[in-house]
Amino acid sequence: MPAQNPPAILKFFPLELTPKQHTDTGMAMTLILLLLGVFLGNVIYFYLATVVLVIAMIYPPVFYPLAVFWFGFSGLLGTVMSTLILTLIYIALVMPVGLFRQMIGKDALQLKAFKSGANSAYVTRNHLFTSQDLEKPY
């Protein structure tokens, strides 16, 4: 029986982590516990943060299962959010500008001229390039 490919979501969850990543996960958990202690006003979170910090400093591999989830979740979240943010930027900025330019009849690519005639839309530019053109291209 041939081996089946794992689901695509599993590519985000790394199985080989460095000791630094274990330590980073322990430090992140310490920070989360400290923030919980500050915002919830419960002293128990400060004690838990101290214990987690000591464990992260002495034996970081304890955090391996949590690190797999932590780095996998952050990679997945980064992929989803970057796609979402870029989509929203496209919808909010690029699409309205394109629709507006289309409404006022702008044709920067000269697509109408290209489609209507047999000639090319290419414009020949007879320009002698000088050193100034290279120093200040715009």
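Thr30 touches Ala49, Val52 and Leu53, when its neighbours within four places in sequence are left aside. Keep that in mind as you work through this predicted model.

**Exercise 1.** Where does Thr30 lie, and is Thr30 buried or exposed?

*Solution.* Start with the place: Thr30 is part of helix H1. Next, take its relative accessible area, which is 7%. Buried means under 20%, so Thr30 is buried.

**Exercise 2.** Work out how helix H1 is oriented relative to helix H2.

*Solution.* Two packed helices are described by the angle between their axes and the distance between the axes. First, find the helices: H1 covers residues 19–40 and H2 covers residues 44–58. Their axes are 8 Å apart and form an angle of about 170°. Then apply the cut-off: angles over 145 degrees count as roughly antiparallel. H1 is therefore roughly antiparallel to H2.

**Exercise 3.** Describe the residues where H1 meets H2.

*Solution.* On the H1 side, look for residues including Thr23, Gly26, Thr30, Leu33 and Val38. On the H2 side, the partners include Tyr45, Phe46, Ala49, Val52 and Ala56. Now sort the contact residues by kind: 15 are nonpolar, 4 are polar and none is charged.

**Exercise 4.** Which residues make up the largest nonpolar core?

*Solution.* The core has 7 residues: Ala28, Met29, Leu33, Ala49, Val52, Ala56 and Phe63. Both H1 and H2 supply at least two of its residues each. Pick out one member, Ala56: leaving aside neighbours within four places in sequence, Ala56 is in contact with Thr23, Gly26 and Phe63.

**Exercise 5.** Is Thr25 buried or exposed, and what is Thr25 in contact with?

*Solution.* Thr25 sits in helix H1. Its relative accessibility is 0%, so Thr25 counts as buried. Again leaving aside neighbours within four places in sequence, the contacts of Thr25 are Phe63, Leu66, Ala67, Trp70 and Phe71.

Note on methods. Residues are numbered from 1 along each chain as its sequence is written. This is a predicted model: local features need pLDDT of at least 70, side-chain atom pairs count only at pLDDT 80 or more; totals for chains, interfaces and linings use all residues. Side-chain values use heavy atoms; hydrogens and water are left out. Axes are lines fitted to C-alpha atoms, for helices over the stretch in contact, and angles run from 0 to 180 degrees between N-to-C directions. Helices (H or I, at least four residues) and strands (E, at least two) are DSSP runs, numbered from the N terminus. Angles under 35 degrees count as roughly parallel, over 145 as roughly antiparallel, 65 to 115 as roughly perpendicular and the rest as oblique. Contact means heavy atoms within 4.5 Å. Ala, Val, Leu, Ile, Met, Phe, Trp, Tyr, Cys and Pro count as nonpolar, Asp, Glu, Lys and Arg as charged, and the others, Gly among them, as polar. A nonpolar core is a set of buried Ala, Val, Leu, Ile, Met, Phe, Trp, Tyr and Cys residues joined through side-chain atoms within 4.5 Å. Buried means under 20% relative accessible area, exposed over 50%, partly exposed in between (1.4 Å probe, protein chains only).
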